[in-house]
Each structure stands twice: as C-alpha cells, then as structure tokens.
Amino acid sequence: MTAPTPDTASLTSWVGDAVLAPSVHNAQPWLFRYERASGTLTLRADPARTMPHADPSGRGLHLGCGAALFNLRVAAADEGWEARVAARPDPADPDLLARVSFVPGPDRDTLADLRPAVPRRHTSREPFGDEPVEEALLDGLRGAALAEGARLDFADDWRVRELLSALWDAGHAEELAPEVRAEIARWTAGVDDTATEGIPSYALGPRRYDGRAPVRDFPGAQRERDTAAVYESRPCLAVLGTHRDRPEDWLLAGQAMQRVLLQATLDGLSTSLSSQALEWPELRWLVRDPRSETAYPQIVIRVGYGPEIPATPRRPVDSVLTVE
C-alpha cells in the first residue's frame, strides 16, 4: 500500500505559514519545492537573497530558514501530520538546507497549539513597558528553547550592560563598513507599503530618545514617524545558544528561536530580535554568557509588553513554492 502524502492544497497552506517567519532584514531567503509523487518538500537558500558582507557565513540565513521550517511543522501538526526534517541532507549541495517528509501524526501534537500565534507574531521595534515579565513566563520560554535542543539564557543587569555594549560596538563597526551598509540599505531604504520584502518605514519604530533597549539604526532608511520615544530602562534580554556551531545547528537554532517567539506571542508578550553584534566574529563572543552551558550564541531576543503592531510584507507563496 502506498503511504499517504499531503495534498497540494494543504502543503501550500503550510508553506503560507512558513513564510510568515522572521528573517534578517525580512529578506525571506527561502525557496520550497514539493514533489507530489514522493510527498517530499525541499527547502533551499535563495541565492538572490544572501548577504555576503553582512552575513558572510550564511548563519543568519539559516536562522530565518529554520524559523520557516518550524512554522511549517506547526501548521502540519495542526492538520494531523508530523513533518520530519532532515537538515543539510547533501554536503555537496550547500544551498539544500532541508528535506522534509510527512507522516500522519498523533491525535494532537502539542506543536499544533502554537498555530494561532503564527500570523500574530511580529517583530516589534516599538518601546516596551518597564513592567517585568513574570518568571513563570520566562521559564516557559526557556522550556520552548530546550524542546528544540537549544538554550535560552536571560540576562541579569550586569549581562544586559555587556550585551548593550557589544551592540553599540557593532553599530560603530557597521558605520565603518560601506559594503555592509549598502547591503542593509537594500532591504530597508525606500521600502514602501506595496513591497513584498524588506522592512517598510512603518515597521522601523521611533528613534530612541532615552532608555536602554537595543534599537538598531538602519542606514538610509526613513522612519514613517520622525519622532523620538523613551524605551524601557530595564530591557528583558535573552541569548539563545547552541552546543555546536555547524550549519545544521543554525537551522536548529532558527527552529528554537521561532518556538520561543510563538510561545511568547501566545503569552501576550512582544518580541524583537538583535543580531547586529553576532554579525561580527570579534564581537560575537562578547554576547556569550560565560556561565551558560551553551558555547555558541545565535541570537539576542528582547521580550516585554508592547503595543500591537502591523505585519511586515511577505512574498506570495507561489513565488517561493514550486510543485512538481
């Protein structure tokens, strides 16, 4: 008997959820191909959306594609399927990031509970309140990272100062790197409301007038609101890390990151991501907490209570999915 495979309509809807994942500067560096005969989905890096200066190793690209994979797993689980991911299945084909097969899943996978958060999760560059996040919610976010094989370490006041210092140094290094600035400007400068990619002006947030939350200045980008705001004085920052630092670990980190973000969304929390210091090898190690059990920091996550914000644009599914 032939094993059941997902129908094309279902698979297309799952990819529709996958592309709602965050990616560096909303470049959306993914391409999917579904082979109906075998029921196999492949995920490839889109070479037109790489950033050889800002992300020379492709680590940031892998994080975004890992987040997309996690959304896909959640959507499939919600419809009774288990998505089995083989990361980096062909060493001779580095653009092939993952091969996914599907089998009928258990009656109710806990991943399915996260699906309502997929369209609601947005990166917020707005000020958060100074109200501390309850420890029970932080524990839940730590558990979400652990469930995907990563670790989430929340920073105390001393570590927050070190993280903010590393982010400041990264911003200064970026100012001295015209190639990096040009790459970032491609995805942030002049992105209008009709775009399907990049960060539009309405999503950049106000300029920081006061406070300690990490807020990135994008070269050449024009904020929709030319206003300044007071950000939180005691930002809640966490570093997500992994035990190893291979490309498949970056994909794992992306899935863990997205699980944390979706759980935070269900918990009523706002989130933003900071990768700036991690983009510079000489600064990346300053992000690592020496007390952590993980050796390799992958992303800094800011968590708190913030306003609702609109979604950023996404490419149509038919431009990223090919069905054979």
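A residue is called buried when its relative accessible area is under 20%, exposed when that area is over 50%, and partly exposed in between (1.4 Å probe, protein chains only). By this scale Tyr296 is partly exposed, with a relative accessible area of 26%. The model is a predicted one, in which local features need pLDDT of at least 70 and side-chain atom pairs count only at pLDDT 80 or more, while totals for chains, interfaces and linings use all residues. Residues are numbered from 1 along each chain as its sequence is written, and side-chain values use heavy atoms, with hydrogens and water left out.

**Aromatic rings**

- Rings of Phe, Tyr and Trp (its six-membered ring) are paired if their centres lie within 6.5 Å, and planes under 30 degrees apart count as stacked, over 60 as edge-to-face and the rest as tilted; by this rule there are three aromatic pairs.
- One of them joins Trp285 and Tyr296 edge-to-face, with 5.7 Å centre to centre and 65 degrees between the planes.
- Because Trp285 lies in helix H7 (residues 281–287) and Tyr296 in strand S10 (residues 296–304), this pair ties together parts that are 11 residues apart in sequence; helices (H or I, at least four residues) and strands (E, at least two) are DSSP runs, numbered from the N terminus.
- Trp285 is partly exposed, at 44% relative accessibility.
- Trp14, Trp81 and Phe102 are linked by ring pairs into a cluster.

**Charges over rings**

- A charge sits over a ring if NZ of Lys or CZ of Arg is within 6 Å of the ring centre and within 35 degrees of the ring normal; the charged end of Arg284 is placed in this way over the ring of Trp285, 5.3 Å from its centre.
- The charged end of Arg302 sits over the ring of Phe128, 3.6 Å from its centre.

**Salt bridges**

- With a salt bridge defined as a side-chain nitrogen of Lys or Arg within 4 Å of a carboxyl oxygen of Asp or Glu, the count comes to 26 salt bridges.
- Asp46 and Arg49 form a salt bridge at 3.2 Å, N to O, and both residues are buried.
- Arg151 and Asp153 meet at 2.7 Å, N to O; Arg151 is partly exposed at 27% relative accessibility, whereas Asp153 is buried, with a relative accessible area of 13%.
- Arg216 forms a salt bridge with Glu279, the closest N and O atoms being 3.1 Å apart, and it links distant parts of the chain, 63 residues apart: Arg216 is in the loop between strand S6 (207–210) and strand S7 (228–230), and Glu279 in the loop between strand S9 (270–274) and H7.
- Arg216 and Glu279 are both buried.
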